[in-house]
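Please open the structure in a viewer and keep the selection tool at hand. The stops below are given in the order in which they may be selected.

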Amino acid sequence: MLKPRPAIRNLKEYRPPLAGRTGLRLDFNENTQGVSTRVLEKLRTIDAEQLTRYPEREPVETLIAGFLQLEPEQLLLTNGVDEAIQLLCHTYLDTGDRALVVVPTFAMYELLAASTGAEVIPVPAGSNFCFPLESLLHSLDSRTRLIAIANPNNPTGAVAPSDQLLLLARAAPQAAILIDEAYFEFFGQTVLNEIANLPNLFVARTFSKAYGMAGLRAGILAGPATQIRLLRKAASPYNVNAIALACLPEAMRDHQFVDRYVAEVRHGRARLQNLLADLGIPYWPSQANFVLAQFGGCASQFVAAMAQHNILVRDRSCDYGCAGCVRITLGTTEQMDRVLAVMKSILNELRNRERALA
Ligand SMILES: *Cc1c(COP(=O)(O)O)cnc(C)c1O
């Protein structure tokens, strides 16, 4: 009988609820507006010639490195951040090694680290999901070979101070430190400029969120040149497809599209947080394009009622410390007008029903 490696046999299944997502999709933190018109125009020019050739990643890498003020040797384009995480795990983790992840967080860290046979150590976030620097420092040992941190974190929207991230990187020279800045555009703070100073610091960015290109699968992994050289060896030379490569320069050049969208999302974030406060629903102040709120016992009813109005939001009850929590992605101002009105009426109705039962 053909047997997989034990690490794969024991892996938890991760099946995001992707089926039948019709309506306003506020469940996966995607861009709800679309994509830059410059990208759409570029897509219309893709011809057979571009499809028949193997994709050439390097010129686009050089260009994007320039945008980020990095050397091309410090950057690898990846098939989404997911592949960046996979490459880091593949490059640094072995059976018996340890990976630290702050929980709750993005599911892919645990999954991809565990698939190598390494042991995943969940380090619980502090009160109000604050960054658990002390616990992380206490969890370090000679077997710690990877630490993955989303900043801002998903699903909490919480952030870690840059100086604490750098302190951790210095305290764990034996480990690769991944700072996943998938939501950088909505936050504005970064440690990207520090990769030249730290030999074990990596920063990931994605085109899936602010840029609106989740379907194209493109991400950025930046890190020390000597380490990026190794990761490049571990990657397929064709990991990013030709269509994505053609679109990325246009996406990067259209600052206006991203800036405008981010401004709308930030405005929507303030409005949603105000509404939650008015309604007495606890939430965690977010620096990302979503807000996590505590609906307690009526979380699943709330999610179902929103779906009845064709608005999809995500129940995060299964995440560590998130029982009763729902994550709501922010949309444009016009979309948020509707979302907030629908939320108000649903929550009033749920309260009236509760009162009637009491
Ligand atoms: C959405 C998300 C990503 C994006 O991953 P891609 O593979 O680039 O689509 C990465 N990290 C976090 C924390 C996310 O929430």
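Which residues gather in a patch of negative charge on the surface? Select Glu56, Glu58, Glu71 and Glu73, which together form this patch; the model is a predicted one. Within the selection, glutamate 71 sits in the loop that runs between α4 (58-67) and β2 (75-78).

Rolling a probe the size of a water molecule over the atoms shows where empty space is left. The largest cavity holds about 120 Å³ of space. Its lining comprises 16 residues, and those closest to the centre are Val102, Phe131, Ala150, Asn153 and Ala158. Now select strand β5 (residues 144-150), which contributes the most to the lining of the largest cavity, with three residues.

The remaining stops concern the backbone. Most residues other than glycine have a negative phi, and most peptide bonds are trans.

Select valine 103 and proline 104: the peptide bond from the former to the latter is cis, with omega near 0°. Proline 104 belongs to the loop between β3 (98-103) and α6 (107-114).

Move on to asparagine 154 and proline 155, which are also joined by a cis peptide bond, here with an omega of about 15°. Proline 155 is located in the loop between β5 and α8 (162-171).

Notes. Residues numbered from 1 in each chain as written. Predicted model: local features only at pLDDT ≥ 70, side-chain atom pairs only at ≥ 80, totals over all residues. Heavy atoms only, no water. Patch = residues over 30% accessible without salt bridge, like charges linked within 9 Å, V, L, I, M, F, W, Y side chains within 5 Å. Areas by Shrake-Rupley, 256 points an atom, 1.4 Å probe, with all protein chains shown as cover. Salt bridge = Lys/Arg side-chain N within 4 Å of Asp/Glu carboxyl O. Lys, Arg positive; Asp, Glu negative; His and termini not counted. Charge placed at Lys NZ, Arg CZ, Asp CG, Glu CD. Helix = DSSP H or I, 4+ residues; strand = E, 2+ residues; numbered from the N terminus. 1 Å grid on protein atoms, 1.4 Å probe; cavity = no way out; pocket = protein on both sides within 12 Å on 5 of 7 lines; lining within 4 Å. Points joined across faces, edges and corners; volume = space filled by probe spheres on them.
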